[in-house]
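I opened the coordinates today to look up a few helices and strands. My notes are below, in the order I checked things.

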Amino acid sequence: MVDDYVSGILCALSPDNDTGPYVHIYPILTVALGLTCSLAASQAMGQLRVDLSSQNREWGYATLQEASEGLYGVRSGMAAENLQGVRCSEGGELSAVEGRVVVPRNCGDLNWEFHLKPYPVEGVMASGQLSWYSDAPNRWIISEGDVILQGPGMGAATGVSFFLDGRPLEIRAGPRRLPALNQAPGFWLLGHPVHVDKGSIRHFFDRETIPRHLAGLLDSHSAGIGYLLEMLPPAELPPVFWMGLAEWRLSVGGAAGTGLVLANYPLRARDFDRRAYAITLYVVLHEHGHHLFDGTGPLWIGESLASYLAIKAIRETAPEIYSVVEEAFIAPGLAIETPLPVLGERAAAGDGHAYTQVYMGAAFWMAIDDAMVGQGGHGSFLQALPDALARGFTSGGAPRPKEIAQVTGLAPGTLNPILDRYLGTE
């Protein structure tokens, strides 16, 4: 039985709580992850400027220069109350209804205000951040980009410029272009937080000094990422921003955005026991797992695959803690009865129980992995994974059993029961 950290899922993907792709929250006895449905890629245009006023730290101000006419909506369905004061430089105020606004012709510059979330003293949930501000030790903002208005079929800007009271701020994780609507939300880290490089990844921290109790975990993460990068196609992974959580046993979260990964860690060293170590490592490996493959496919593939990559890396590089993630994620996956593609559709519609099973669908990939090892298929499943994704599934995520068999080298008597059990093939 799973205790202390994970034994289920509360779906974070619903019409009223949708913060974009790859936003993950792991409360005690609950795991919540969100992945929005893919939208059509957009063409970029214009230039977006964001002003973060030190006089009013609860609100930021954005300007989209030369906005074209049309219907604009807040990215990823962010709460409508976060968008205020929408106006055209040439036409005055506009009415924003449920996070949407109709921009008339010859609007000129489109301006609006967005809500900032100050950093609380006791710590902050990484998964819940849209925009974030701190006085000390330095001023920096993490802006998810959900505050940026997007037009259907068009981009809102080619890039983002940040200003504090009219003065430009350095973007530590950028500069970055705005992500397309079918990409994970963009995170931009501004200011000069303390950082350390481990292997190919740079880690930023929300403290004045690097937390000592994370040293071993950063080494484990570097080993896990190194293993995955050796087995998979080359990929440039974004840096991590670590956000301390004082009430560790209440929740832990992570988010994989364009340009930056967010992850929680136990603020107090005394909370960093074996389970906390394993779940924290799992979280950050899971978020980086989203960047190893295109995340615009169906929900069930994106989440279960990122989980599999994290769990596989832990099994191969940190076997002493593998039993923790196996008990938390693989064991519940063995109880899945409804096909994962069906569960993915239900989860995308806001079914929290379905999301639980989609997430534990890492057991499907692990089953193929174990079968290949046991039967001596075409080498490592990780090495076969790119071909399996390209050939073994339709664009909608339906399996192609013959192609999967060819890629994995598994005999029908071994492969078909796995496909039948998890994907509903016959």
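**Entry 1: the open sheet.** I kept in mind that this is a predicted model. I traced an open sheet of 7 strands, in the order β7-β6-β9-β4-β3-β14-β15. Its pairing is mixed. Which strands stand at the edges? I found β7 (92–93) and β15 (167–168) there. Each has a single partner strand, so one side of each lacks a neighbour in the sheet.

I then looked at the β7 end. Strand β6 (residues 83–88) runs antiparallel to β7, and 2 bridges join them. I followed Arg-87 across to its bridge partner in β7, Glu-93.

**Entry 2: strand β12.** I turned to β12, residues 140–143. Are its faces covered or open? I see both covered. Trp-140 and Ile-142 are buried on one side, Ile-141 and Ser-143 on the other.

Next I checked the pairing. β12 pairs with strand β11 (residues 131–134) over 4 bridges, in the antiparallel sense. β12 is also joined to strand β16 (residues 188–189) by 2 bridges, again antiparallel.

**Entry 3: helices α3 and α6.** I took helix α3 (residues 299–317) against helix α6 (residues 352–359). Their axes are 8 Å apart, at an angle of about 50°. The two helices are therefore oblique to each other. What makes the contact? From α3 I listed Leu-299, Trp-300, Glu-303, Ser-304 and Ser-307; from α6, Tyr-355, Val-358 and Tyr-359. I sorted the residues of this contact into 5 nonpolar, 2 polar and 1 charged.

I stayed on α6 for its burial. The helix is mostly covered, with 6 of its 8 residues buried. Those are Ala-354, Tyr-355, Thr-356, Gln-357, Val-358 and Tyr-359.

Then I looked for a cap. Asp-351 caps the N-terminal end of α6. One of its side-chain oxygens lies 3.0 Å from the backbone nitrogen of His-353.

**Entry 4: Ala-328.** I located Ala-328 in helix α4 (residues 322–333). Is this residue buried or exposed? It has 3% relative accessibility, so I count Ala-328 as buried; the cut-off is under 20%. I also computed a distance to Met-360, 32 residues away along the chain.

Conventions
Residues numbered from 1 in each chain as written. Predicted model: local features only at pLDDT ≥ 70, side-chain atom pairs only at ≥ 80, totals over all residues. Heavy atoms only, no water. Axes fitted to C-alpha atoms, helices over the stretch in contact; angles between N-to-C directions. Parallel < 35°, antiparallel > 145°, perpendicular 65-115°, else oblique. Contact = heavy atoms within 4.5 Å. Nonpolar A, V, L, I, M, F, W, Y, C, P; charged D, E, K, R; others polar. Buried < 20%, exposed > 50% of the residue type's maximum accessible area, 1.4 Å probe, protein only. Pairing = 2+ DSSP bridges. Polar contact = N/O pair within 3.5 Å; in protein donor to acceptor, adjacent residues only side chain to side chain.
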